[in-house]
Amino acid sequence: MNSLFFDVTNNWIIIETYSDTSPKIPVYSFKGFFPRESSFRLVKEIEVALLNSNFQKPDMIVACNGPGSFTGIRICVSTARNFGQIWNTPVVGINSIEFYSEYYFQKSGKPSIVFIEGGQGKFFSGIYDKKGFGGCYDIAKEEIALRFSKLESE
C-alpha cells in the first residue's frame, strides 16, 4: 500500500510518502519552514513527492487535522479531502500533537511533550509516554509546569 502523509497545520510543510515494502521508512520526505506559504506550496510539493516516489496516486492519505493554526488546518484537511475524492482514496485524519509526541517518544524511548503555540499566551500541548498519549491540552504558559510535573517522578 502506497501512502501519502502531509501536515501544514503550523508553519511547517511536511510531506512524506511510504510504500508497503518499507512502511516505516519514507520513500520521499520533504520538510521545510514556510510561514504563510502552505496555501500555494502544498499541492505543488505533493506533486513532486508523488513523482519522486513513482506513485500515480496513493492508496491512502494521512493528514494532520489539528490543533494548529485555523487556516493551516483548513488547508490541510480540505486538500486531503479533495485529493481523496479525486483519487477515490481513503483519508485518515490524525491529531497533530499525538502524532508528533509519539514520533519523539519512539525516537528517544522517553516521555515526550510537544507544544504548539496557540496564540493569546496559550499553547496546545500533549505528552506521549509508556502509557500512550495523555491527551491534548490548551494551556497557558503559567500552567505548563503544573500540568507536566509528573514527568519529574518518572
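Colleague: What share of the chain's contacts with a separation of 6 or more comes from residues 24 or more positions apart?

Modeller: Taking contact as heavy atoms within 4.5 Å, such residues account for 51% of those contacts. This is a predicted model, in which local features need pLDDT of at least 70 and side-chain atom pairs count only at pLDDT 80 or more, whereas totals for chains, interfaces and linings use all residues. Residues are numbered from 1 along each chain as its sequence is written, and side-chain values use heavy atoms, leaving out hydrogens and water.

Colleague: What makes the chain as compact as a globular protein of its length?

Modeller: The chain runs β-β-β-α-β-α-β-α-β-β-β-α from the N terminus. The radius of gyration (over C-alpha atoms) is 16 Å, close to the 15 Å that the globule rule (2.2 Å times the number of residues to the power 0.38) gives for 154 residues, so the chain is as compact as a globular protein of that length.

Colleague: How many of the residues count as buried?

Modeller: With buried meaning under 20% relative accessible area (1.4 Å probe, protein chains only), 40% of the 154 residues qualify.

Colleague: In what order do the strands of the open sheet stand, and why do S3 and S5 count as edges?

Modeller: The order is S3-S2-S1-S4-S5, with mixed pairing; strands are DSSP E runs of at least two residues, and two of them pair if DSSP finds at least two bridges. S3 (28–33) and S5 (91–94) each have a single partner strand, so one side of each lacks a neighbour in the sheet. S2 (residues 12–18) and S3 pair in the antiparallel sense over 6 bridges, and Ile14 has Lys31 in S3 as its bridge partner.

Key: Helix = DSSP H or I, 4+ residues; strand = E, 2+ residues; numbered from the N terminus. Buried < 20%, exposed > 50% of the residue type's maximum accessible area, 1.4 Å probe, protein only.
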